[in-house]
Each structure stands twice: as structure tokens, then as C-alpha cells.
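Work through the exercises below with the model open. Try each task before reading its solution.

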Amino acid sequence: MKILFVINNMYVRGNGLDAATRRTVHELKAAGEDVRVLSGCDPTKPGQHPEFPLKEFKFPFFQGIIEANGFSYANGDPKVIEEAVRWAEIVHLQEAFVLEDKTVRIARRLGKPMTASFHTYPENILGSLGMKNWCWANQAILKVWKKRIYDACSIIHCPTQRVQERLQDNHFAAELRVISNGLIPETCLRPANPPENYFDPERPLEVVCIGRLAGEKDQITLIRAMRHSSFAKRIHLTFAGNGPMAGKIQKKAHKLYHDGIVGYEPSFVFLNHDDLCRLSAKADLCIHCAVIEIEGLSILEAMQQGAVPVIADGPYTGSSQFALDERSLFPAHNPQALAERIDYWLAHPEERWEAGKRYAASVKPYNIANSVEKMIAMFRDALNRQNHVEETA
């Protein structure tokens with residue numbers, strides 16, 4: 001099949017959607033599919049660009065916020081879009097923005113079948129502008145996306161069950177298929193047995209939080225939880241990520257140390273994939289506080305390394321489905337409940353070590369090979385439906 005992926009920019013780093021797109025495109029090509037990308041170019045590597053390259057569009061006033069959140073938008077040149085769509089047998093939309101709106105209009109005119117992935121909630125967009133609680137605005141955006149983008153598609157890829165449920169509640173017309181974005185299989189670096197100092201009551205307890213430093217990721221709740229934790233004096237916090245709230249989060253985290261709440265200065269790092277694996281393998285706990293999350297592959301990757309997760313649970317927390325039981329879940333925005341879960345796991349090191357093994361095993365169904373197989377079936381079904389409609393017309 002000739003599959004066209006449409007996304008504003010596939011190359012931006014520190015952005016879960018773009019990372020998932022790069023993985024999926026790579027694995028589809030490895031599976032023998034003819035995949036090409038309509039996208040902006042790599043801002044850090046001028047020589048690397050997609051098959052159908054677009055120039056960047058810079059927003060007046062908001063460009064700084066957009067870049068701080070790890071995003072980039074393309075200009076949507078109609079000539080390039082039409083060239084890409086004419087090449088394709090099926091068009092797959094990764095977002096629901098202006099580029100995709102233009103692509104939908106051209107694909108409809110040319111009679112090309114379309115599928116889409118639902119990767120972004122309206123709250124992700126408005127949250128970066130400090131308006132995530134504007135319910136009427138979020139609902140209005142969702143209705144616009146539904147009408148202009150998703151109703152044009154025969155099948156919508158939902159990375160988690162929670163996404164599917166929200167789209168069902170909002171009466172999306174397309175077929176909704178739950179398919180994980182997929183996890184690249186990695187060797188678990190955590191040893192089979194605990195290291196010698198694992199049970200040492202004086203050693204630092206490594207509590208890690210991986211993800212973009214942004215409002216919807218809610219790292220502030222972890223910082224507040226430290227003031228309720230009986231293990232705070234032994235906890236060394238590590239925040240792995242970057243983002244628009246980096247300065248605020250760093251200030252509040254370091255204040256914990258200077259106020260004598262935690263016994264070790266918190267660390268802030270931005271790591272590549274291999275270093276994140278090593279960090280997770282050494283973690284006693286990995287905390288995921290995100291309150292607006294489509295899937296959250298970062299916590300899956302930590303679990304793959306045997307890290308026991310503690311995950312926020314709320315109406316838009318797709319990652320909460322990865323918890324094996326209630327001890328790894330806490331109500332979103334609730335620092336007292338998070339502290340209770342942290343204290344439970346830190347007070348039971350033997351149980352925590354064994355739970356890490358179970359969590360490492362639990363991610364196997366999310367193997368990207370399974371996801372790609374399901375994505376190929378989705379594309380084939382959408383193409384066959386279009387062919388059937390044309391034959392009966």
C-alpha cells in the first residue's frame with residue numbers, strides 16, 4: 001500500500017506524538033509498506049527532510065509557547081499537499097490542525113480514503129495557554145475537529161481505551177479502533193536480583209519523573225507530595241525532561257531541599273533513549289502525574305526496565321490503564337494520596353522488587369510489532385471499503 005502520513009513536523013524532539021510517528025513510520029517501512037510523509041523539515045538537520053517537505057509556519061505572539069512545548073507547525077502549501085495526496089492510496093492524519101484540514105479537502109476532491117489517529121486532546125492545546133479548565137472552549141474545539149477532520153475518516157486509531165470512550169461519548173461517526181502506539185522491545189537492564197545496598201536503610205531512594213515539564217504533566221503534584229511523605233528525607237528526585245514550566249518546577253523542587261523536606265538536591269536532566277532506560281532501571285519508583293495524557297509511552301518504557309509506576313488516574317489519563325492494581329494509582333491532583341502510594345512502595349522493598357518484575361513482563365502486549373500489524377490491517381480495511389464503495393457506485 002502507498003500510505004501517506006500527514007503531520008506538522010515529524011522531527012521535533014521532546015514531543016511524544018512526533019516520537020511515536022517516527023517509530024510507526026520506521027516499523028511500517030520495515031514491514032514492507034510504502035510509506036511517505038507530508039511534514040515540516042527537521043529543524044536541527046537541514047539535510048534531513050520528508051518525502052513531501054513543507055516550510056515552517058511561525059505564529060505571531062504564540063511562537064515562543066509553541067517551541068517551548070516541543071511543537072512546530074507547517075505552512076500547508078496546497079501544491080505540495082496535492083502532490084502527496086495524488087501519490088497515496090490511503091491518507092493517514094496524525095493531527096487535527098490546519099494542515100490536516102487542507103489535506104482532508106484535497107483528499108475528498110481526489111477520492112482518496114482517509115484514516116486518522118487521535119493523539120491530542122483540546123485540553124493539551126488550551127492547557128499550554130493556561131486555559132485547560134475552559135470546558136466550553138475544549139468542547140467547541142472537539143466539535144470542530146470532529147466535523148472538519150475526523151468525520152471524513154472511515155477509521156480512527158485510538159491509542160487507549162479512554163480515548164475511545166471519550167470519542168464514543170461525543171458521537172464520532174467513524175469506526176474507533178484501540179491500538180497502542182507501541183513500545184520498541186528493549187532488554188531490561190535491571191538485574192535479576194537486588195543489588196547489595198538495595199535494603200540499606202540509609203541509602204538514597206531514587207524517585208524518577210519522566211516527561212515534558214508542562215502544566216498538563218502536573219509534576220507540581222509530585223513536589224507537593226514530598227511534604228506529606230514519611231520517606232522524604234531519603235528521597236532523591238530526578239526530573240527527566242524539558243518544557244515551558246522548567247523554571248517554575250526547578251524552583252519549587254529545589255525549595256524542598258532548602259526547606260529541609262527532602263534530603264538530597266533534586267536533579268533535572270534531559271536524556272536520550274538509552275540513558276532514560278538506564279535511569280529507569282535504577283529507579284525505586286517512577287511517578288507519572290500527567291492529568292491530560294493520550295497514552296504516555298514514557299511510563300511504559302520505564303516499566304519495561306522494571307520500574308514500579310505510580311500513575312495519576314483521572315478522566316483524561318490514558319496511562320492509568322497500565323497500572324496492575326490500585327497501589328500504583330492515585331487520584332489526579334491529589335498530593336496526599338500520591339504520598340501514601342509512594343510511602344507504601346518504599347516501605348516494602350521486597351514487594352517492590354517483585355512488582356518491578358511483573359511490570360516489566362506486563363508491557364509485552366504493547367510490542368510495536370503488534371501495533372504495526374493492527375495499523376496495517378486498519379489501512380487495508382479502509383482501502384477495501386473505499387474500493388467497495390467505488391465498485392457499487
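**Exercise 1. Which backbone oxygen does the side chain of Gln 305 reach?**

Solution. The side chain of Gln 305 reaches the backbone oxygen of Thr 187, at 3.2 Å. A polar contact is a pair of N or O atoms within 3.5 Å; within protein, one must be able to donate a hydrogen and the other to accept it, and residues adjacent in sequence count only if both atoms are side-chain atoms.

Before going on, note the basis. This is a predicted model, where local features need pLDDT of at least 70, side-chain atom pairs count only at pLDDT 80 or more, and totals for chains, interfaces and linings use all residues. Residues are numbered from 1 along each chain as its sequence is written, and side-chain values use heavy atoms, with hydrogens and water left out.

Gln 305 lies in the loop between helix H11 (297-304) and strand E14 (309-313). Helices (H or I, at least four residues) and strands (E, at least two) are DSSP runs, numbered from the N terminus.

Then check burial. Gln 305 has a relative accessible area of 0%, so it is buried (under 20%; exposed is over 50%, partly exposed in between; 1.4 Å probe, protein chains only).

Last, list partners. Beyond neighbours within four places in sequence, Gln 305 has contacts (heavy atoms within 4.5 Å) that include Glu 186, Cys 188, Arg 190, Cys 277 and Ala 281.

**Exercise 2. Asp 218 and His 333: buried or partly exposed?**

Solution. Take Asp 218. Its place is the loop between strand E10 (205-210) and helix H8 (219-225). The relative accessible area of Asp 218 is 8%, so it is buried.

Now His 333. This residue is in the loop between strand E15 (329-331) and helix H12 (335-347). Its phi is positive too, about 70°, although His 333 is not a glycine. At 45% relative accessibility, His 333 is partly exposed.

**Exercise 3. What does Leu 383 touch, not counting residues up to four places away in sequence?**

Solution. Start with the element: Leu 383 is in helix H14 (residues 368-392). With a relative accessible area of 14%, Leu 383 is buried. Its contacts are Met 1, Glu 89, Ile 90 and Pro 113, not counting residues up to four places away in sequence.

Finish with a distance. Leu 383 and Ser 154 are 229 residues apart along the chain. Their C-alpha atoms are separated by 9.4 Å.
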